[in-house]
Amino acid sequence: MSPKAPREDFSDADIEVTEPKDYAAGMGGVFHSMEPAVKTLGLARTAKLMTKINHKDGFDCMSCAWPDPEHRKIAEFCENGGKAVTWEATPVTVPRSFWKEHSLTSLEDKTEYWLGMQGRITEPVYKPAGSDHYEPVSWDRAFDIAAGHLNALDHPDEASFYTSGRASNEAAFIYQLFARVLGTNNLPDCSNMCHESTGTAMTYTVGIGKSTIAYNDFLESDLIVIMGQNPGTNHPRMLTALEEAKKNGASVVAVNPLPEAGLLGYKDPQKVRGYVGKPIQIADQFLQIRSGGDAALLQAVSKRVIAAERRAPGTVLDHEFIAEHCDGFEAFAEHIAQVDDAAVERATGLSAAEIDEFAERYLRADRVIIAWAMGITQHRRSVDTIKEIINLLLLRGNIGRPGAGASPIRGHSNVQGDRTMGVWEQMPDSFLDALGAEFSFEPPREHGVDAVQGIRALDEGRIKVWFGLGGNLLGAISDTNLAESAMRKTRLSVQLSTKLNRSHVITGEEALILPVLGRTEVDVQLSGPQYVTVEDTVCAVHASHGQVPPVSDQVRSEIAIIAGIAHATLGSRHGIDWLAMIDDYDVIRNHISRVVPGCEDYNARTRRKDGFLLPNGPRDERRFDTATGKARITVNELEHVECPPGRLILQTVRSHDQFNTTIYSLNDRYRGIKKGRSVIFVHPDDLAELGLSDGQTVDIFSEWKDQPDRVLRGFRTVAYPTARGCAAAYFPEANVLVPLDSTALESGTPVSKAVVVRLEPSNTPVGVGRPVTV
Ligand SMILES: Nc1nc2c(c(=O)[nH]1)N[C@H]1C(S)=C(S)[C@@H](COP(=O)(O)OP(=O)(O)OC[C@H]3O[C@@H](n4cnc5c(=O)[nH]c(N)nc54)[C@H](O)[C@@H]3O)O[C@H]1N2
Ligand SMILES: Nc1nc2c(c(=O)[nH]1)N[C@H]1C(S)=C(S)[C@@H](COP(=O)(O)OP(=O)(O)OC[C@H]3O[C@@H](n4cnc5c(=O)[nH]c(N)nc54)[C@H](O)[C@@H]3O)O[C@H]1N2
Ligand SMILES: [Mo]
């Protein structure tokens with residue numbers, strides 16, 4: 001029987017709660033991704049796709065940015081990659097009748113799960129002003145509508161071009177080119193909500209906002225520290241690398257308020273042993289930190305490192321490295337000696353003995369990698385925390401050596417590449433100069449808006465046309481209600497998408513949905529089959545070749561759509577031949593070769609089976625392109641989240657069956673949740689102290705100084721072994737609790753991991769579909 005889209009939305013009134021798991025993957029992992037794949041795609045399509053994921057002649061898995069090992073397995077993917085592929089390559093499509101049948105108003109009540117499950121969008125649709133329905137429209141007409149609006153603007157800064165990190169390098173390159181030729185740097189992206197704090201801190205301290213290690217460094221390391229990351233769900237193939245690193249003698253320290261399954265143990269689903277054997281223990285030390293306590297922990301470890309050096313001068317620090325490559329050491333050493341142990345204990349919730357043990361591990365290890373993700377980047381003081389990661393690494397020369405380095409683990413599969421290609425509201429002048437020279441125009445120099453500023457500008461009527469190259473900004477950004485009312489003020493919103501989501505339902509006065517080809521699909525243009533390129537989290541660039549026939553002959557590639565709109569808007573103004581770029585993507589890659597640093601000879605190098613590594617100053621030659629020409633050891637003042645009595649610090653996380661705002665199912669297997677998402681995880685002792693019980697229905701209130709409380713109603717409490725004083729709920733539901741201007745200092749990232757909340761018994765039943773927020 002062929003799969004069908006569900007007609008009814010889900011209700012999570014029947015949530016089931018069981019014990020959380022203490023290891024990840026294993027037999028369950030394979031089973032959980034293959035069964036739905038075969039059911040949805042059929043055996044032949046499943047076999048074709050699953051043997052080509054992440055292979056040298058195959059396509060890049062769109063689920064995350066984890067790199068590929070040199071030697072690929074037959075099945076080089078994980079359970080969640082399997083889900084992502086199944087979700088995209090489904091034969092289920094949105095029928096033409098859908099648009100007549102469903103008014104936009106009626107779709108407002110639908111969940112992200114229901115919207116995504118309606119299947120692939122296969123024809124362009126247009127919502128005229130005043131209408132409550134989309135209607136099918138031709139591609140030419142769609143391009144003319146977009147072009148008409150862009151050409152009618154008083155100033156190019158009244159347009160904004162958002163990008164989600166799944167777009168290919170080629171698509172991203174021509175997208176930013178189009179925006180800049182029009183005359184705006186308004187290029188917000190999902191990175192603004194993701195690793196922006198990493199980029200800000202690392203560019204300042206080491207001169208590049210990217211990982212300083214290559215894949216094999218994981219296998220050569222003595223100590224891998226994993227902070228604020230849940231690899232078992234979000235980067236499952238990292239567990240294979242960790243297992244191998246451990247076999248080679250590495251130890252692992254995990255720092256997290258939640259005892260995530262993948263951090264505790266692992267069974268490799270790719271190995272026979274993984275089916276029957278015991279899970280291997282991943283973390284040799286698990287530090288169950290209080291939310292937002294990481295900077296204090298890192299300072300406390302650095303303090304111990306400096307103290308050890310004082311006890312045995314000349315034996316602990318890498319003096320040669322510090323003298324030759326770093327500045328700021330003296331001020332740091334003086335400052336760090338003053339760190340107050342009692343304040344550290346309050347901020348982290350960790351004992352001095354636990355921190356001693358971690359410091360000893362750090363001092364024993366010759367080669368140390370610190371990896372991190374959203375648990376570090378989405379706090380008010382994230383940039384300082386990442387600077388403290390760099391400090392700790394620099395003290396013993398743990399950057400620019402085999403097996404050692406700073407390793408931010410990126411989220412979206414090509415979020416890093418999109419930035420390399422110029423999707424950033426603040427690209428440096430050197431990039432803009434090269435772009436202007438290549439295309440004979442003067443790019444705008446004033447910085448554009450980031451994601452949060454973009455919503456603010458929409459709300460204030462300063463942005464009138466909003467493009468989304470993939471993604472689901474309204475689902476992903478903080479302050480859902482404000483963001484939605486802001487989007488409704490635009491004249492035109494345009495989404496280039498594979499599947500439906502909230503950003504198609506809440507629109508500008510007019511709206512377009514332009515259906516795109518997915519990564520799994522063959523892309524044939526005038527010159528023949530095309531490939532695209534991507535960059536992973538360790539700066540490796542390689543090709544991605546679609547494998548299966550497109551879901552419909554109506555869908556177009558992202559490149560064809562962007563170049564089509566650019567052509568309709570600009571014609572041959574500036575002498576740019578947009579249509580030639582559609583016919584042959586080599587034309588785009590030739591431009592990339594001449595504009596993007598490190599991408600010389602891009603066509604030839606991306607045709608190599610292994611692709612190539614982008615240059616990286618710290619990794620390759622201990623070169624630090626900072627303002628001082630040296631790696632900067634910095635002094636950062638401690639500040640931790642103040643949580644008044646009777647309150648908890650709430651973080652928002654991903655369930656095991658979701659990809660950002662895409663919900664694959666209502667289950668979160670490792671955390672023991674089934675058939676629902678309206679849950680809040682709280683330590684049993686905190687529940688007792690608050691006079692609440694496990695399984696009780698509560699309303700979650702967030703509290704702010706100068707504005708009224710925000711609320712999310714009808715959530716079921718789950719007694720869970722999180723750190724004391726902390727709680728967790730799922731995003732995107734919990735985004736309503738965060739005001740738009742609650743952002744990280746310097747990076748502007750919404751503070752999604754530390755929201756002070758109070759819980760009150762609720763009269764709203766759990767599971768009424770979309771969250772109740774008034
Ligand atoms: N299957 C799947 N894969 C994905 C994604 C997905 O949604 N689903 N999303 C992709 C994207 S875009 C990204 S950015 C990555 C996200 O990957 P992660 O960063 O792993 O994602 P989160 O679910 O936000 O998990 C954050 C982790 O940090 C911990 N944490 C929270 N606060 C703190 C803190 O204050 N200190 C410390 N030390 N830890 C803390 C949480 O308990 C949790 O384990 O994954 C990518 N891969
Ligand atoms: N509270 C809270 N909020 C968060 C986070 C958090 O941890 N907590 N995490 C933040 C992070 S790390 C991120 S990265 C953002 C994510 O923000 P986004 O990247 O904007 O959101 P996604 O949910 O990844 O976007 C999914 C949509 O992308 C479209 N899509 C899928 N594949 C393709 C494709 O190949 N091409 C095109 N054109 N479209 C495609 C589909 O229509 C799908 O519905 O969310 C952020 N928001
Ligand atoms: Mo992300």
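The following legends describe close-up views of a predicted model.

**View 1. Domain layout of the chain.**
The domain assignment divides the chain into domain 1 (16–89), domain 2 (120–189 + 424–617), domain 3 (214–403) and domain 4 (648–773). Domain 2 is given as two segments, 120–189 and 424–617.

**View 2. The contact of domain 1 with domain 2.**
Between the C-alpha centres of domain 1 and domain 2 the distance is 28 Å. Domain 1 contributes 20 residues to the contact, and domain 2 contributes 21 residues. About 1900 Å² is buried between domain 1 and domain 2, with 55% of this area on carbon and sulfur atoms. On the domain 1 side, the residues that lose the most area to domain 2 are Asp60, Trp87 and Glu88. Together these residues account for 33% of what the domain 1 side buries.

**View 3. The shell around ligand 1.**
Ligand 1 is surrounded by 32 residues, of which Asn256, Glu260, Gly292, Asp294 and Asn660 are the closest. Sorted by class, this shell holds 18 polar, 10 nonpolar and 4 charged residues. Elements that each supply at least two residues of the shell around ligand 1 are the helices α11 (231–234) and α20 (374–377) and the strands β23 (648–653) and β24 (658–659).

In the side chain of Asp294, an N or O atom lies 2.7 Å from a nitrogen atom of ligand 1. On its own, ligand 1 has 920 Å² of accessible area, and the protein covers 99% of that.

**View 4. The shell around ligand 2.**
Around ligand 2 there are 32 residues, and those that come nearest are Tyr162, Ala476, Glu558, Thr661 and Asn735. By class, the shell around ligand 2 consists of 15 polar, 12 nonpolar and 5 charged residues. Ligand 2 lies between domain 2 (120–189 + 424–617) and domain 4 (648–773), because both domains give residues to its shell.

**View 5. Polar contacts of ligand 2.**
For Ala476, a polar backbone atom is 2.7 Å from a nitrogen atom of ligand 2. For Thr652, a polar side-chain atom is at 2.9 Å from a ligand 2 nitrogen atom. The corresponding distance from a polar side-chain atom of Arg166 to a nitrogen atom of ligand 2 is 3.0 Å. The protein buries 97% of the 930 Å² that ligand 2 exposes when taken alone. Helix α25 (473–476) and strand β15 (492–497) are the elements that give two or more residues to the shell around ligand 2.

Most peptide bonds are trans. From Phe731 to Pro732 the peptide bond is cis, with an omega near 10°. Pro732 belongs to the loop between strands β30 (726–730) and β31 (755–761).

**View 6. The backbone at His574.**
A negative phi is found in most residues other than glycine. His574 is not a glycine, yet its phi is positive, at about 70°. The loop between helices α28 (558–570) and α29 (578–583) contains His574.

Methods: Residues are numbered from 1 along each chain as its sequence is written. Chains are lettered from A and ligands numbered from 1 in the order in which they are written. This is a predicted model: local features need pLDDT of at least 70, side-chain atom pairs count only at pLDDT 80 or more; totals for chains, interfaces and linings use all residues. Side-chain values use heavy atoms; hydrogens and water are left out. A residue is near a molecule or strand if one of its heavy atoms lies within 4 Å of it. A polar contact is a pair of N or O atoms within 3.5 Å; within protein, one must be able to donate a hydrogen and the other to accept it, and residues adjacent in sequence count only if both atoms are side-chain atoms. Accessible areas come from the Shrake-Rupley method with a 1.4 Å probe; for residues, only the protein chains shown count as cover. Helices (H or I, at least four residues) and strands (E, at least two) are DSSP runs, numbered from the N terminus. Ala, Val, Leu, Ile, Met, Phe, Trp, Tyr, Cys and Pro count as nonpolar, Asp, Glu, Lys and Arg as charged, and the others, Gly among them, as polar. Domain bounds come from an automatic or database domain assignment. Contact means heavy atoms within 4.5 Å. Buried area is the accessible area (1.4 Å probe) that two parts lose on being put together, summed over both.
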